[in-house]
2 protein chains.
Amino acid sequence: MIGYRVKMLREEKKMSISELSTKSGVAKSYISSLERNLQTNPTILVLEKFASILCITVDALLYEQVDHSMDDEWKEIMKDIIGSGISKEEMREFIEDRK
Amino acid sequence: MIGYRVKMLREEKKMSISELSTKSGVAKSYISSLERNLQTNPTILVLEKFASILCITVDALLYEQVDHSMDDEWKEIMKDIIGSGISKEEMREFIEDRK
DNA sequence: GCATTTTAACTCGGTAACCTATCATTTACA
DNA sequence: TGTAAATGATAGGTTACCGAGTTAAAATGC
């Protein structure tokens, strides 16, 4: 989902929605709704503006594997999960339940 | 310009606008206006539909160098030249003479 | 502690533009 | 010339995108 990707890549660059908005020229209300997947079908112009400010290609913005989605906070949480003794099966069930 | 690229890539695949339209699910009137650069800012959904039918990536659709100088007609002519037995040297001389 | 300011993100209504459906025109070819 | 396929023009529905205002929380000052 494009919104999630924008959010991840933006946070990776430590930008707020407002900052990305002023720099890219895309309304922050729109960025917000994109990131929450209320809007899911941006035009290339918007994508190119994002890509330019985030210093990546449109292709990377759209499809490139974002293993960065596992940021430092998530890594900490993962450690805690593993340390707590929760099994992979339990986690998968939890994820299924939350879908 | 995206419209020109769509046109080139479509013709490269020997598809009519109508065929691309029915296969991709994008209205042919819209494809037509895109190719004539009346519309210039499609959404990713449209781009992805095109890319899928044209068997290329969205990135290629947007940016990859299109060899428009050598269109289908020129390719046919090239084949005829080669098939006719004319040597490369002869062709170069011919070009020089015409300059 | 509380009030004020600042920063970040969300809500909502409006508008411009993307995209579709329909009809008209051109082209191709028998 | 007639017919079908391909392309082009137009109008309208739908939605991408914007701007102003609101809320929430953090930062700063007293």
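The residues of the surface near DNA strand C divide into 6 nonpolar, 8 polar and 2 charged. Here Ala, Val, Leu, Ile, Met, Phe, Trp, Tyr, Cys and Pro count as nonpolar, Asp, Glu, Lys and Arg as charged, and the others, Gly among them, as polar. This is a predicted model, in which local features need pLDDT of at least 70 and side-chain atom pairs count only at pLDDT 80 or more, while totals for chains, interfaces and linings use all residues. Residues are numbered from 1 along each chain as its sequence is written, chains are lettered from A and ligands numbered from 1 in the order in which they are written, and side-chain values use heavy atoms, with hydrogens and water left out.

In total, 16 residues surround DNA strand C, and the closest are A:R36, B:S29, B:Y30, B:Q39 and B:T43; a residue is near a strand if one of its heavy atoms lies within 4 Å of it. Of the atoms of DNA strand C that come within 4 Å of the protein, 72% belong to sugar and phosphate. The elements giving two or more residues to the surface near DNA strand C are α3 of chain A and α3 of chain B; helices are DSSP runs (H or I, at least four residues), numbered from the N terminus.

DNA strand D has 18 residues around it, of which A:S29, A:Y30, A:Q39, A:T43 and B:R36 come nearest. Sugar and phosphate make up 67% of the atoms of DNA strand D that come within 4 Å of the protein. Two or more residues each come from α3 (28-35) of chain A and from α2 (17-24) and α3 (28-35) of chain B. The most is given by α3(B), with 3 residues.

A:R10 belongs to helix α1 (residues 2-12) of chain A. With a relative accessible area of 6%, A:R10 is buried, a term for values under 20% (1.4 Å probe, protein chains only). Among the residues that A:R10 touches are A:I17 and A:E35, contact meaning heavy atoms within 4.5 Å.

Terms used:
Buried < 20%, exposed > 50% of the residue type's maximum accessible area, 1.4 Å probe, protein only. Lists of a residue's contacts leave out its neighbours within four places in sequence.
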